[in-house]
Amino acid sequence: QVQLVESGGGLVQPGGSLRLSCVASGSTINIVAMGWYRQAPGKQRELVADITSGGSTNYADSVKGRFTISRDNAKNTVYLQMNSLKPEDTAVYYCNADEERLAIITYWGQGTQVTVSS
């Protein structure tokens, strides 16, 4: 079992920045990838960015150049630095982790609200 706890959400003006953090605990040794998803009201959950244990990253087109995902393996923590925020970035942001056993098991955090508004 892996537990994920997110922090860092809040209210920010357009053009501002926020940094989200997600700490993993429990059976973290088999985590192969971690990432951030978001879900806006009335929309499906979508991938924002993810990063493998080796450091390879992947971003949604809508956040490329503005968001940066990073990972501290020693602290079992993944970060999402969000710059140049736009109102359309408003959503609940969820951390996830993929654990590899005989198959991939995906875990989710409880979510943190990000609101971009003037």
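The model is a predicted one. Four of its strands form an open sheet in the order E1-E3-E8-E7, with antiparallel pairing. The largest nonpolar core holds 29 residues.

**The four-stranded sheet**
- Strands of a sheet pair through backbone hydrogen bonds, either parallel or antiparallel.
- In the open sheet E1-E3-E8-E7, the pairing is antiparallel.
- E1 and E7 are the edge strands, each with a single partner strand, so one side of each lacks a neighbour in the sheet.
- On average, neighbouring strands of this sheet are turned by 15° against each other, direction ignored.
- Six bridges join E1 and E3 in the antiparallel sense; Glu6 has Cys22 in E3 as its bridge partner.

**The nonpolar core**
- Leu4, Met34, Trp36, Leu80, Met82 and Tyr93 touch the most other members of the largest core.
- At least two residues of this core come from each of the strands E1 (2-7), E3, E4 (31-39), E5 (46-52), E7 (67-72), E8 (77-82), E9 (91-100) and E11 (112-116).
- Beyond residues up to four places away in sequence, Leu80 touches, among others, Leu18, Trp36, Val48, Phe67, Ile69 and Tyr93.

**Ser21 in strand E3**
- Ser21 belongs to strand E3, which covers residues 18-26.
- Ser21 counts as buried because its relative accessibility is 15%, and buried means under 20%.
- Leaving aside neighbours within four places in sequence, Ser21 is in contact with Val5, Glu6, Ser7, Trp36, Val78 and Tyr79.
- Ser21 and Ser70 are 49 residues apart along the chain, and their C-alpha atoms are separated by 9.7 Å.

Methods. Residues numbered from 1 in each chain as written. Predicted model: local features only at pLDDT ≥ 70, side-chain atom pairs only at ≥ 80, totals over all residues. Heavy atoms only, no water. Buried < 20%, exposed > 50% of the residue type's maximum accessible area, 1.4 Å probe, protein only. Contact = heavy atoms within 4.5 Å. Core = buried A, V, L, I, M, F, W, Y, C linked by side-chain atoms within 4.5 Å. Pairing = 2+ DSSP bridges. Axes fitted to C-alpha atoms, helices over the stretch in contact; angles between N-to-C directions.
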